[in-house]
Amino acid sequence: PYDILPFLYRGQAKSRIKDYAGAVKDFTLTLNRIPKFGQGYTMRGYARSQLQEYIGAIEDYTTALLIDPKDTIALFYRAYSYRSLKNYEAAIQDYTAVIQLDSTYRNIYKYRAWAKYYSKDYSGALSDWNKQIDTNPKSSNSYFNRGITKSKLHDEIGAIEDYQRAIALDTTYSMAYNNMAWAKFRLQKYGEALVDANKAIA
């Protein structure tokens, strides 16, 4: 119905200018008129998540998914809300569901990798960083993050190799030099560690 469009468009506009409380009000007015409008719940869920109202956001995303179980946007952002609540298992389930529906969803392996990392599933995180790098081998951040994960698995040599790859893509990557210094320190390569530490603060 056309009578919802002013509220819907105004809600979208408010969301774009980060007036998320106002957006929630307008999306609610929209949903009061059309309670089966799945995308409306997804949009209100996003606004709620930006207000750190993660439980309410999850409720909205869940309602959206009852209407359309293949709504990858609702799945992705529900995972974000779960992760913000440190419910990493639920976040991983939703990220996995996104992958099953659309394995090309932008940076999806990166987000699942972080959820696995925070849940201390470092081997699983490493597998996802490998997949993320396969999709975008020019990302210095992905190599850096895979290096962090390898350090958690006590693979310091592999971590150093990834920090070097990150630096090759971005020679100003000071954190990569810093982490590489610590990895070399743990390998008792103190001279090399000092060189990298100096580069990190140069």
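**Salt bridges between the helices**

Reader: Which residue forms a salt bridge with Asp162?

Author: Asp162 forms a salt bridge with Arg146, and their closest N and O atoms are 2.7 Å apart. A salt bridge here is a side-chain nitrogen of Lys or Arg within 4 Å of a carboxyl oxygen of Asp or Glu.

Reader: Where do the two partners lie?

Author: Asp162 lies in helix 10 (residues 156-169) and Arg146 in helix 9 (residues 140-152), so the pair ties together parts that are 16 residues apart in sequence. Helices are DSSP runs (H or I, at least four residues), numbered from the N terminus.

Reader: What should I know about the model itself?

Author: It is a predicted model in which local features need pLDDT of at least 70 and side-chain atom pairs count only at pLDDT 80 or more, while totals for chains, interfaces and linings use all residues. Residues are numbered from 1 along each chain as its sequence is written, and side-chain values use heavy atoms, with hydrogens and water left out.

Reader: Back to that pair: is Asp162 buried or exposed?

Author: Asp162 counts as buried, at 0% relative accessibility. Buried means under 20% relative accessible area, exposed over 50%, and partly exposed in between (1.4 Å probe, protein chains only). Arg146 is buried as well, with a relative accessible area of 10%.

Reader: Which residues end up in one network?

Author: Arg146, Lys150, Asp162 and Arg165 are joined by salt bridges that share partners.

Reader: How many salt bridges does the count come to?

Author: The count comes to 13 salt bridges.

Reader: What does Arg112 pair with?

Author: Arg112 forms a salt bridge with Asp128, with 2.7 Å between the closest N and O atoms. Arg112 belongs to helix 7 (residues 108-118) and Asp128 to helix 8 (residues 122-135), so this pair links parts that are 16 residues apart in sequence. Arg112 is buried at a relative accessible area of 8%, and Asp128 is buried at 0%.

Reader: New topic: where is Asp68 found?

Author: Asp68 is in the loop between helix 4 (54-67) and helix 5. Asp68 is partly exposed, with a relative accessible area of 36%.

Reader: What separates Asp68 from Phe37?

Author: Their C-alpha atoms are separated by 9.7 Å, while along the chain Asp68 and Phe37 are 31 residues apart.

Methods:
Helices (H or I, at least four residues) and strands (E, at least two) are DSSP runs, numbered from the N terminus.
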